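Here is my note on the model, point by point. Please read it with the structure open.

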Amino acid sequence: MRTARATAAAVTAVIGAGAAAVAVGRYASDAALRTSPGGPLPTDPGLTVHSTAAGQMALTRDFTTLRPGRHGLTGDGFHAVVGPVLPGAPDSADTVVRRLERVTYGTPKPGDRARLTPNLYVGDPGSALGLDHTDLEVPGELGPLPAWFVPGARDTWVIAVHGLGATREHTMNLMEFLHRHRFPVLAPAYRGDPGAPRPPHGLNHLGETEWRDLDAALHHAVDSGARRVVLYGWSTGATMALRTAARSEVRARVAGLVLDSPVLSWEATLRALATARRTPGALLPLAVRAAQGRTGLYGDRRPEAVHLDRIAVPTQIFHGPDDTVAPWRFSRRLAAGHPNTVTLHTVRDASHGAMWNADPQAYEEALRRFLTPLM
């Protein structure tokens, strides 16, 4: 009897430990698989507005608030745009003072919680940028996908697609540049975005299934008269671009790729986001296995083999070593392994998805040089 009770207790303990491991794995994997469009990533530090004055704002001193360039600042009920750190401004050991360029809506006040975001614009291309555009729906695998179309004179289109923690508002950062160079621009939403169909089980697949929505946008562009298409993706949107260029039935129309902060290893990104959620290192393999089980992702395929085995188009990567979400080493490896097709423009002191924000002028010049032969 005692032996049976001991065995039962041991089995119960094992089952309990197994259930706990599953729960931990699911919670940790949620850091990537349940990222809300437009919501914060676990790597985004929470900041406080300490003071505001004419043309300036004091924020919590952090590596993020010391980064160069222009960024959106969002909080409960407000959005603003902050520029570079102001030299000589009265800061402190706990604060940093940046130029306040504009308040889009709301009123940031001292004590408000906030976070920096790459998004400089909110709304749509008409309200935010004054660009003529059309709201349309692209037929997708799961249902209609909202999209913005900004017309241009060229027959080479740009399809711009956002990534983790963002919405298609992020694409407006480059929309004025692309419109100035007369590219028609299509910016689609995809599964899980506001107004788009919900993905199965409500989970992100880090591009593994979402690429089919970008493929639908590519078919729409071709059917609408695009002779050539440049796929422009940020973060997991870059992953989607790579997969679309490799797998689409109309991939012959893809003339080039622009990849900003590309997620080239979903496993590395998952680990980074789970770590930012304070998941102990010993438990990170549980997060990876949980993600594999929940989504069908696999961790044993090299990024190069997955993405570029069937691609021979010019590819421009914007990435840098300070990206804590998508490790830069994979972009370096990709560029080194494909010197005839892939160019890496290194951007330092830039956070994930914010390569343009750090130095818009240098970014746009590199982009102009890349796109000129594709016009």
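1. Contact here means heavy atoms within 4.5 Å. On that basis Arg113, leaving aside its neighbours within four places in sequence, is in contact with Gly46, Leu47, Thr48, Thr74, Gly75, Asp76 and Phe78. Arg113 belongs to strand E6 (residues 113-117). Helices (H or I, at least four residues) and strands (E, at least two) are DSSP runs, numbered from the N terminus.

2. A word on the source. This is a predicted model, in which local features need pLDDT of at least 70 and side-chain atom pairs count only at pLDDT 80 or more, while totals for chains, interfaces and linings use all residues. Residues are numbered from 1 along each chain as its sequence is written, and side-chain values use heavy atoms, with hydrogens and water left out.

3. Look next at Thr35. This residue is in the loop between helix H1 (2-33) and strand E1 (47-53). Its relative accessibility is 10%, so Thr35 counts as buried. The cut-offs are these: buried means under 20% relative accessible area, exposed over 50%, partly exposed in between (1.4 Å probe, protein chains only). Not counting residues up to four places away in sequence, Thr35 touches Asp30, Leu41, Leu164, Gly165 and Asn204.

4. Now the parallel strands. Two strands pair if DSSP finds at least two bridges between them. E11 (residues 228-234) and E12 run parallel, joined by 6 bridges. Val229 stands opposite Val254 in E12. From E11 the chain crosses through helix H5 (residues 236-247) to E12, a right-handed β-α-β crossover. Right-handed means that, with the strands pointing away from the viewer, the path from the first strand over the helix to the second runs clockwise.

5. E12 also pairs with E13: 4 bridges, parallel. Leu259 has Ile317 in E13 as its bridge partner. How many residues of strand E12 (residues 254-260) are buried? The count is 7 of the 7, so E12 is largely enclosed by the rest of the structure. In a regular strand the side chains alternate between the two faces of the sheet.

6. E13 and E14 run parallel too, with 5 bridges. Phe318 has His345 in E14 as its bridge partner. E13, H9 and E14 make a right-handed β-α-β unit.

7. The cores deserve a look. A nonpolar core is a set of buried Ala, Val, Leu, Ile, Met, Phe, Trp, Tyr and Cys residues joined through side-chain atoms within 4.5 Å. The largest has 39 residues, and those with the most contacts inside it are Ile159, Leu186, Val229, Leu231 and Leu257. Elements giving two or more residues to this core include strand E7 (134-139), strand E8 (144-150), strand E9 (156-161), E11, H5, E12 and helix H9 (328-337). Helix H4 gives the largest share, 7 residues. Apart from this core lies another, of 34 residues, among them Phe177, Val230, Val347 and Tyr363.

8. On to the rings. There are 3 aromatic pairs in the structure. One of them is Phe318 with Tyr363, stacked at 3.8 Å centre to centre and 15° between the planes. The pair links distant parts of the chain, 45 residues apart: Phe318 is in strand E13 (residues 315-319), Tyr363 in helix H11 (residues 360-371). Rings of Phe, Tyr and Trp (its six-membered ring) pair if their centres lie within 6.5 Å; planes under 30 degrees apart count as stacked, over 60 as edge-to-face and the rest as tilted. Phe318 is buried at 0% relative accessible area, and Tyr363 is buried at 1%.

9. Two arginines sit over rings. The charged end of Arg168 is over the ring of Trp148, 4.3 Å from its centre. Arg154 lies over the face of Phe183, 5.7 Å from the ring centre. The test is NZ of Lys or CZ of Arg within 6 Å of the ring centre and within 35 degrees of the ring normal.

10. Finally, check two backbone angles. Arg278 is not a glycine, yet has a positive phi of about 70°. Arg278 lies in the loop between helix H6 (266-276) and helix H7 (284-295) and is exposed, with a relative accessible area of 76%. Asp349 has a positive phi near 60°. Asp349 lies in the loop between strand E14 (342-346) and helix H10 (355-358) and is partly exposed, at 42%.
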